[in-house]
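Hi,

Here is the structure you asked about. Have a look first, then read my notes below.

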Amino acid sequence: MNFEKFRTGNLYMSAKITCFLPFGTKEETTVTVNELRKSELVSNIFILGHTSEEIEGAEVLKCGTLTKGKTIQLIAGKTDSEYVLIYTKTSALTLGQLAIKRFYQVASDTNSGLVYSNYRAIKEGKIENIPVIDYQEGSLRDDFNFGSVLFYKTDVLKSAAKDVDEKFEHAGLYALRLAVAAQSEFMRIPEVLYTEEELDARKSGEKIFDYVDPKNRVVQIEMEEACTEHLKRIGAYLEPEFTDVTLTEEDFKTEASVVIPVRNRVKTIEDAIKSVLSQKTNIDFNLIVVDNYSTDGTTEIIKKYAEQDERLIHVIPERKDLGIGGCWNEAVNHEACGKFAIQLDSDDLYANENTIQQVVDAFYKENCAMVVGTYQMVNFELEEIPPGIIDHREWTPENGRNNALRINGLGAPRAFYTPILRKNPIPNVNYGEDYALGLAISRNYQIGRIYNPIYLCRRWDENSDASLDVEKMNAHNIYKDRIRTIELKARKLLNKHQGEKS
């Protein structure tokens with residue numbers, strides 16, 4: 001085969017790319033193979049699967065899916081070209097004008113280990129542009145969207161594949177990505193270079209709980225293993241050694257405070273308030289509702305209950321630039337805040353009348369700085385909906401804080417030992433503030449867990465993440481990835497300093 005020669009900088013070279021793709025239907029796979037064959041830069045095309053079908057222009061490799069460690073090892077062994085293109089979907093791929101050349105050009109110019117690009121997705125017959133986001137050091141979540149075309153530098157892929165465990169059934173491609181990231185930079189091309197079919201048409205609010213769906217637990221265990229090994233490679237892994245917590249550090253007038261930040265939740269705030277004031281405990285507690293300038297009647301409901309029960313403290317902050325995190329800062333620094341600050345979102349409710357007591361008991365039992373409970377997914381009428389009970393059993397006392405860098409949240413309700421919370425200002429944002437706080441606290445302190453359902457997470461159309469467009473989802477993901485990046489760097493420094501002391 002003659003390979004196209006073209007200029008890259010001052011060098012002329014014969015470029016070759018080996019392509020790998022999973023088998024779909026014969027028709028779809030043939031379309032993809034023909035698309036790839038249009039480029040003279042492509043040398044070999046391998047189809048992954050156990051099909052007996054023959055596709056002209058490609059060779060079938062009898063193997064498992066891309067999620068298997070053995071498949072990643074096979075790809076590394078079968079590649080003798082300069083670059084590797086992996087297409088991760090089974091649906092037909094349509095490449096844009098000179099797309100393969102563009103991938104090659106950017107990969108050559110930047111010497112990046114992995115190059116990926118924006119793309120178009122066909123969703124229920126409609127075509128939508130999908131901008132992807134830049135990869136950060138802290139982009140450790142296994143659902144990071146690279147699109148379906150992954151363009152690897154072969155020598156980096158071969159080296160990284162050595163760190164992919166052959167026993168992996170589900171984490172093979174994820175482990176490869178992490179291993180490549182430890183050796184090389186990633187480069188996003190902010191251009192639409194191909195079109196793929198989107199097979200998951202669910203709304204954003206229906207996708208965000210996939211990682212904690214009990215049916216995916218086996219997958220998550222492997223993902224955790226891959227991520228933990230990566231953290232060890234890059235010096236960010238934390239041993240299970242924690243700073244002790246003294247729960248008598250300060251005197252408080254009240255043992256516990258429930259904190260509800262709220263803005264314009266007239267349909268749900270009354271249920272939330274009632275679920276707190278009906279709690280039965282053997283300790284004193286109050287409810288701090290930070291009313292962030294509601295305009296829909298929420299304020300009037302809060303006032304009514306505050307007049308009826310002195311335990312409800314209605315706070316209207318002086319500042320008008322506060323997000324949910326800023327409202328939390330107002331509450332925890334209020335003179336009425338108790339020793340423990342317990343979260344309740346204005347959409348949600350406590351599952352039973354013993355929630356507060358269980359949370360407080362957990363602090364003393366586990367001597368921890370933070371407690372995270374288990375919640376049940378319900379609809380607006382409080383009827384259980386999939387995936388049901390979210391208990392985050394992937395969290396372990398030994399490795400929970402490391403795995404926390406991979407997942408998108410820690411659970412609910414979240415509760416904090418107030419003196420430590422006051423030392424960790426909460427980001428003044430409306431999304432991800434709780435996650436940022438949990439990561440920062442877990443860096444030094446143990447987090448306690450309650451595994452029976454004590455919280456009802458109400459999903460309905462007015463949830464802030466119920467149905468987000470791609471730009472908003474990207475903004476959320478960029479922020480959480482940045483939070484992870486900050487935490488990752490902090491943990492590296494912590495390990496470095498501890499190493500220098502020893």
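Start with Y417: this residue is buried, with a relative accessible area of 0%. Keep in mind that the model is predicted. F340 also counts as buried, at 0% relative accessibility.

F340 stands opposite Y417 in strand β19. Strands β15 (residues 340-343) and β19 (residues 414-417) run antiparallel, joined by 3 bridges. On another pairing, β15 meets strand β12 (residues 256-262) in the parallel sense, over 4 bridges. There, A256 stands opposite F340.

Both faces of β15 are covered. F340 and I342 are buried on one side, A341 and Q343 on the other. In a regular strand, side chains alternate between the two faces of the sheet.

Now the rings. The structure holds 18 aromatic pairs. One of them is W328 with F416, edge-to-face, at 5.7 Å centre to centre and 80 degrees between the planes. W328 lies in helix α10 (residues 324-332) and F416 in β19, so this pair ties together parts 88 residues apart in sequence. F416 is buried, at 2% relative accessible area. The ring centres of F340 and Y417 are 5.9 Å apart with planes at 45 degrees, so that pair is tilted. It links β15 and β19, parts 77 residues apart in sequence.

Elsewhere, Y116, Y135, F144, F146 and F186 form one aromatic cluster. The charged end of K232 sits over the ring of Y237, 4.9 Å from its centre. K480 lies over the face of Y435, at 5.1 Å from the ring centre.

On confidence: mean pLDDT is 92 for the protein chain. Residues 1-13 stay under 50. Where pLDDT is low, the predicted coordinates should not be read in detail.

Best wishes

Terms used:
Residues are numbered from 1 along each chain as its sequence is written. This is a predicted model: local features need pLDDT of at least 70, side-chain atom pairs count only at pLDDT 80 or more; totals for chains, interfaces and linings use all residues. Side-chain values use heavy atoms; hydrogens and water are left out. pLDDT is the predictor's confidence in each residue, from 0 to 100. Contact means heavy atoms within 4.5 Å. Buried means under 20% relative accessible area, exposed over 50%, partly exposed in between (1.4 Å probe, protein chains only). Helices (H or I, at least four residues) and strands (E, at least two) are DSSP runs, numbered from the N terminus. Two strands pair if DSSP finds at least two bridges between them. Rings of Phe, Tyr and Trp (its six-membered ring) pair if their centres lie within 6.5 Å; planes under 30 degrees apart count as stacked, over 60 as edge-to-face and the rest as tilted. A charge sits over a ring if NZ of Lys or CZ of Arg is within 6 Å of the ring centre and within 35 degrees of the ring normal.
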